[in-house]
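This report covers a helix pair, a residue in a further helix, and ring pairing. The sequence and the structure are shown first.

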Amino acid sequence: MPARKISAREAVYKGLLRMQQGAYSNLLLDSLLSELDDSRERQFAAQLFYGVLERDVTIRWIIRCLTGKPESKLDNEVIAALSIALYQ
């Protein structure tokens, strides 16, 4: 059975979770992009990944405002998914 292809958004989601564990963004992105076949998907993933990181402070503020909860009360998976959605 061939390996399942992942989408750019899924790659970015995985990357953001690994960033929360202390991974370096440039090394991590290279690894994530290697999982994507299409060059447009790789470009989109890179833009999305670095865009979320660049706007991290603003995005986290919006998440706190919209949820009414401190980040410590939210799962990392929720923060990563909401970060991607808000950046887009």
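## Packing of α1 and α2

In this predicted model, helix α1 (residues 8-19) packs with helix α2 (residues 25-33) at an angle of about 150°. The axes of α1 and α2 are 10 Å apart. Angles over 145 degrees count as roughly antiparallel, so α1 is roughly antiparallel to α2. The crossing of α1 past α2 is right-handed.

On the α1 side, the residues that meet α2 are A11, K14, G15, R18 and M19. In α2, their counterparts are S25, L28, S31 and L32. Sorted by class, the contact of α1 with α2 comprises 4 nonpolar, 3 polar and 2 charged residues.

## S83 in helix α5

S83 lies in helix α5, which spans residues 76-87. The relative accessible area of S83 is 3%. Buried means under 20%, so S83 counts as buried.

Leaving out residues up to four places away in sequence, S83 touches V52, I59 and I63.

## The aromatic pair

The structure holds 1 aromatic pair. In this pair, the ring centres of F49 and Y50 are 5.5 Å apart, and the ring planes stand at 65°. Planes over 60 degrees apart count as edge-to-face, so the pair of F49 and Y50 is edge-to-face.

Note on methods
Residues are numbered from 1 along each chain as its sequence is written. This is a predicted model: local features need pLDDT of at least 70, side-chain atom pairs count only at pLDDT 80 or more; totals for chains, interfaces and linings use all residues. Side-chain values use heavy atoms; hydrogens and water are left out. Axes are lines fitted to C-alpha atoms, for helices over the stretch in contact, and angles run from 0 to 180 degrees between N-to-C directions. Helices (H or I, at least four residues) and strands (E, at least two) are DSSP runs, numbered from the N terminus. Angles under 35 degrees count as roughly parallel, over 145 as roughly antiparallel, 65 to 115 as roughly perpendicular and the rest as oblique. A crossing is left-handed if the near helix is turned anticlockwise from the far one by less than a right angle, and right-handed if clockwise. Contact means heavy atoms within 4.5 Å. Ala, Val, Leu, Ile, Met, Phe, Trp, Tyr, Cys and Pro count as nonpolar, Asp, Glu, Lys and Arg as charged, and the others, Gly among them, as polar. Buried means under 20% relative accessible area, exposed over 50%, partly exposed in between (1.4 Å probe, protein chains only). Rings of Phe, Tyr and Trp (its six-membered ring) pair if their centres lie within 6.5 Å; planes under 30 degrees apart count as stacked, over 60 as edge-to-face and the rest as tilted.
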